[in-house]
Amino acid sequence: MAATAASQSTPLARSERFMWLTARVLEQRRFAHHFTGGGAEPVETALTAYRNEDGGYGHGLDPDLRGPVSHPSHTAHALSVLDGVGRCGGPRVERVCRYLTLVSAADGALPAVGALRGPSGAPVPPAQGELLATGPVVGLLHRNQVWHAWLFRATDFCWAAVDALRTPPPHEVAAAVAFLDGVPDRARAAGAADRLGRLVRERRMAVLDPARPEAYPGATAYAAGDPPGGEAFLPHDYACLPESVARRWFTDAEMDGSLRSLARAQREDGGWPPGRPGCAPAGTVERRPFATIEALRTLRAYGRDIG
């Protein structure tokens with residue numbers, strides 16, 4: 001049956017057209033799973049094409065990194081995909097944890113950037129880990145009740161890193177939130193989240209009035225090594241889901257304004273902008289479908305009508 005003109009005008013319908021015209025197979029399968037009744041198995045099958053023999057993921061899975069070599073950023077992306085379809089467990093994730101052990105620094109954490117293989121192709125652990133890379137992975141694994149030896153030191157690292165945050169950029173706060181959203185010690189997570197929330201508001205690190213982004217200079221400070229510019233962080237960028245510890249940082253009116261701004265950001269072609277600046281043109285193009293899926297998931301989680 002042909003779609004009606006009304007259904008074609010909904011955010012979801014416009015996004016579906018965008019996905020089929022521009023997205024990689026993996027993002028098309030993810031879109032189908034989340035929004036049109038598609039199964040989890042096709043998502044896993046598409047994701048497998050990016051997996052390497054060492055248990056990590058490469059081949060441009062994270063659009064900002066090119067080439068076939070496994071990297072923690074690709075692997076974190078893979079875990080996020082598996083989490084989204086309820087498949088973050090079993091032998092596949094056990095292999096991922098073994099890979100994470102191989103590439104972790106002496107402090108037990110993951111690097112955010114840098115070459116992880118020497119001339120022989122063997123893994124070269126970095127000098128030190130970073131919360132930016134480690135926090136989201138640790139939080140996600142804990143949320144899925146994955147238990148592996150790698151998690152013990154990585155969790156301790158994240159707690160120490162979160163407690164030490166004083167003047168972090170927004171991306172690092174978001175990484176801390178991802179950790180706190182999944183870590184088992186909920187009382188400690190709540191206390192750490194309260195402190196971070198006060199920091200975010202005091203340093204004006206979230207745009208609380210989308211009509212006046214210039215009034216929130218702290219919201220546009222990115223992590224070291226990121227290209228300059230890009231979109232500022234809004235409340236929904238910290239609290240992607242209503243159950244996040246960061247949701248308490250913002251009033252209902254502030255979150256409503258943030259979600260309205262997110263909905264308005266959908267472009268004429270049906271997709272959302274890629275967010276932070278890309279390191280290469282191809283990466284910017286490939287991140288738009290990913291950003292579109294996440295925007296729709298956030299809007300739906302907060303009860304917004306997406307069609």
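Predicted model: local features only at pLDDT ≥ 70, side-chain atom pairs only at ≥ 80, totals over all residues.
View 1. Glutamine 145 sits in the loop that links H7 and H8. Its backbone deserves a glance too: phi of glutamine 145 is near 55°, a positive value in a residue that is not glycine.

**View 2. Helices H7 and H8, packed against each other.** H7 covers residues 131–143 and H8 covers residues 149–164; they pack at an angle of about 125°, and their axes lie 9 Å apart. The crossing of H7 and H8 is left-handed.

**View 3. The residues that make the H7–H8 contact.** On the H7 side, the contact is made by Leu131, Thr134, Gly135, Val137, Val138, Leu141 and His142. H8 answers with Trp150, Leu151, Ala154, Thr155, Phe157, Cys158, Ala161 and Val162. Sorted by class, the residues of this contact comprise eleven nonpolar and four polar ones, with no charged residue.

View 4. You will find arginine 204 in the loop between helix H10 (186–202) and helix H11 (235–238). Its relative accessibility is 36%, so arginine 204 counts as partly exposed.

**View 5. Aspartate 64, a buried loop residue.** Aspartate 64 belongs to the loop between helix H4 (40–48) and helix H5 (72–84). It is buried, with a relative accessible area of 12%, because that class takes in values under 20%. Do look for glutamate 286 in this view: 222 residues separate aspartate 64 and glutamate 286 in sequence, yet their C-alpha atoms are 8.7 Å apart in space.

**View 6. Confidence along the chain.** The average pLDDT of the protein is 90, and 88% of the residues score at least 70. Two stretches call for a closer look. Over residues 1–6 the pLDDT stays under 50, and the model has one contact for them beyond four places in sequence. Residues 115–122 also have a pLDDT below 50, and this stretch has 17 contacts in the model beyond near neighbours in sequence.

Methods
Residues numbered from 1 in each chain as written. Heavy atoms only, no water. pLDDT = per-residue confidence, 0-100. Contact = heavy atoms within 4.5 Å. Axes fitted to C-alpha atoms, helices over the stretch in contact; angles between N-to-C directions. Helix = DSSP H or I, 4+ residues; strand = E, 2+ residues; numbered from the N terminus. Left-handed = near helix turned anticlockwise from the far one by under 90°. Nonpolar A, V, L, I, M, F, W, Y, C, P; charged D, E, K, R; others polar. Buried < 20%, exposed > 50% of the residue type's maximum accessible area, 1.4 Å probe, protein only.
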